[in-house]
Amino acid sequence: MAGDVRKLVGGNVRRLRISAGLSQAELAERLGVDRAYVSGLELGARNATILTLWHVSQALEVKFQQIFADRPEKRSKR
């Protein structure tokens with residue numbers, strides 16, 4: 001189950017990042033982390049904290065809920 005949630009979140013982060021026109025390196029820079037961390041997050045290999053996911057949503061300028069969405073939504077500003 002936990003792996004499924006990490007994959008869901010990771011897939012959403014990847015989709016939202018690409019939709020925002022950012023590379024993994026650019027998102028990593030906005031977050032103050034290494035590009036490898038973003039890669040691991042997107043692959044579902046990282047167990048990110050709620051605070052980290054909040055920062056991801058802020059960096060991507062999306063609603064926090066979109067990080068956890070079962071179905072993709074249109075990218076919208078908060």
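In this predicted model, the face of helix H2 turned away from its buried side carries the exposed residues Glu29 and Arg30.

**Helix H2**

- Gln24, Leu27 and Ala28 are the buried residues of H2.
- Viewed down the axis of H2, these buried residues fall within an arc of 100°, so they line one face of the helix.
- An α-helix has 3.6 residues a turn, so residues three or four places apart point the same way.
- Just after H2, a positive phi of about 75° is found at Gly32.

**The largest nonpolar core**

- The largest nonpolar core contains 16 residues, and those touching the most other members are Val13, Leu27, Leu41, Leu53, Val56, Leu60 and Ile67.
- Two or more residues of this core are given by each of helix H1 (2-19), helix H2 (24-31), helix H3 (35-43) and H4.
- H4 supplies the largest share of the core, namely four residues.
- Leaving aside residues up to four places away in sequence, Leu41 touches Arg6, Gly10, Val13, Arg46, Ala48, Leu53 and Val56.

**Phe64 and helix H4**

- Phe64 is located in the segment after helix H4 (50-60).
- Phe64 has a relative accessibility of 22% and therefore counts as partly exposed; the class of buried residues requires a value under 20%.
- Not counting residues up to four places away in sequence, the contacts of Phe64 are Ile50, Leu53, Trp54 and Ser57.
- Phe64 and Trp54 are 10 residues apart along the chain, and their C-alpha atoms are separated by 6.2 Å.

**The chain as a whole**

- The protein chain has 78 residues, of which 35% count as buried.
- Of the contacts between residues at least 6 apart in sequence, 49% join residues at least 24 apart.
- The chain exposes about 4900 Å², and carbon and sulfur atoms supply 52% of this area.

Conventions:
Residues are numbered from 1 along each chain as its sequence is written. This is a predicted model: local features need pLDDT of at least 70, side-chain atom pairs count only at pLDDT 80 or more; totals for chains, interfaces and linings use all residues. Side-chain values use heavy atoms; hydrogens and water are left out. Buried means under 20% relative accessible area, exposed over 50%, partly exposed in between (1.4 Å probe, protein chains only). Contact means heavy atoms within 4.5 Å. A nonpolar core is a set of buried Ala, Val, Leu, Ile, Met, Phe, Trp, Tyr and Cys residues joined through side-chain atoms within 4.5 Å. The arc is that of the directions from the helix axis to the C-beta atoms. Accessible areas come from the Shrake-Rupley method with a 1.4 Å probe; for residues, only the protein chains shown count as cover.
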